[in-house]
Amino acid sequence: MVLPRLDIHRRNRGEGAVVTLAGEIGPATAPLLRDALEQCLRDGVTVIDVDLTTVGSCDARGLDVLLSASRRASRVHASLQLHHPCTQITRLLAVTGSTPLLLPAPTAPVPPALPPGPVETASSGPPTDAKRTLEHTARGPVLQDGIRLRPLTRWQTEGMREDIADLDMASVADTPGESFHDRGRFLRRLAASARRPGFALLVAETTGLVGCAYGFPVGPDGSGGRGLDRMLRESIPPLTACARFLLLTQVVAHPHAQRRDIARRLQQRLLTDRRAALGVVLLHPADQTGQATFESWGWQNMGEVVGLPGPVAPCVLILPREGPTRAGR
């Protein structure tokens with residue numbers, strides 16, 4: 001069994017210190033964090049900035065360590081603040097009422113919700129829920145912040161699946177594409193994909209979740225199944241010469257001005273990380289909004305393909321992996 005790991009790096013800056021964490025904060029690693037923060041206070045550090053950019057999750061015990069360190073810092077006229085928490089940690093702080101205690105007060109105004117355009121993404125949920133989550137999602141992320149991409153493990157994916165489903169619904173609220181998918185179907189598709197060997201999921205975050213892409217490899221050492229692999233190769237000429245490609249089950253981007261860049265970075269990073277030369281996505285043939293969305297993200301529409309699994313002949317779109325100078329990280 002692989003034990004959770006937490007790497008801790010401290011960088012002093014005058015009377016302050018930046019403590020950068022990488023890994024998971026849980027029962028096995030919380031004592032390491034406690035020791036590092038207590039050492040800062042013993043050394044007379046008056047401003048402790050904890051960078052969580054590369055922390056995947058934090059449990060209640062880890063939160064208790066952070067709150068205890070913050071209280072001790074206050075008693076000696078010092079301060080402790082968290083920066084760049086992931087969505088799971090942000091939610092944990094919110095539900096426990098710890099946000100004002102550990103996060104700095106926002107300095108940038110949150111932009112108003114943007115009206116949905118004619119093209120967003122390829123999935124959604126019931127209209128009433130979609131309107132609610134569109135308002136929530138547009139209000140949540142501070143879009144001026146830098147966009148970070150972060151891979152999730154299967155366990156982390158399970159913990160964030162409701163947030164991902166909220167984003168999925170918000171991405172196409174009040175657009176024609178919302179009629180082709182619902183929340184339950186999205187969650188079932190995500191759960192089924194997560195069981196595939198080679199499954200990979202990336203999220204894009206600012207101060208909240210703004211994008212997601214996931215899929216699994218097909219081809220040598222992939223998991224798509226010989227039948228699907230063979231039918232796709234026989235139907236789509238570009239796949240014949242491609243030893244391995246990635247079947248992207250979903251790409252979702254927050255409906256704002258940066259959504260194309262978010263989607264492009266997610267899908268290209270996923271292809272690069274899985275060492276796949278080509279991405280493939282299957283859409284309902286009547287989902288014109290979804291097809292137009294993927295085409296705006298650089299996908300090539302190959303038309304409907306007969307003989308693939310499913311009640312209707314799906315529309316197949318393909319996307320080559322870009323070179324290292326264009327894909328972006």
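A polar contact is here a pair of N or O atoms within 3.5 Å, of which, within protein, one must be able to donate a hydrogen and the other to accept it. The model is a predicted one, and in it the side chain of Arg10 makes such a polar contact with the side chain of Asn12, at 2.8 Å. The side chain of Arg10 is also joined to that of Asp43, by a polar contact of 2.9 Å.

Arg10 itself belongs to strand S1, which runs over residues 6–13. With a relative accessible area of 29%, Arg10 is partly exposed, because that class covers values between the 20% below which a residue counts as buried and the 50% above which it counts as exposed. When neighbours within four places in sequence are set aside, the residues in contact with Arg10 are Ala17, Val18, Val19, Gln39, Cys40, Asp43 and Val45. Asp51, 41 residues from Arg10 in sequence, lies 10.0 Å from Arg10 in space, C-alpha to C-alpha.

On the side of H1 the contact is made by Ala30, Leu33, Arg34, Leu37, Glu38 and Leu41, while H2 contributes Arg61, Gly62, Val65, Leu66, Ala69, Arg72 and Ala73. Sorted by class, this contact of H1 with H2 has eight nonpolar residues, one polar residue and four charged residues.

Note on methods
Residues are numbered from 1 along each chain as its sequence is written. This is a predicted model: local features need pLDDT of at least 70, side-chain atom pairs count only at pLDDT 80 or more; totals for chains, interfaces and linings use all residues. Side-chain values use heavy atoms; hydrogens and water are left out. Contact means heavy atoms within 4.5 Å. Helices (H or I, at least four residues) and strands (E, at least two) are DSSP runs, numbered from the N terminus. Ala, Val, Leu, Ile, Met, Phe, Trp, Tyr, Cys and Pro count as nonpolar, Asp, Glu, Lys and Arg as charged, and the others, Gly among them, as polar. Buried means under 20% relative accessible area, exposed over 50%, partly exposed in between (1.4 Å probe, protein chains only).
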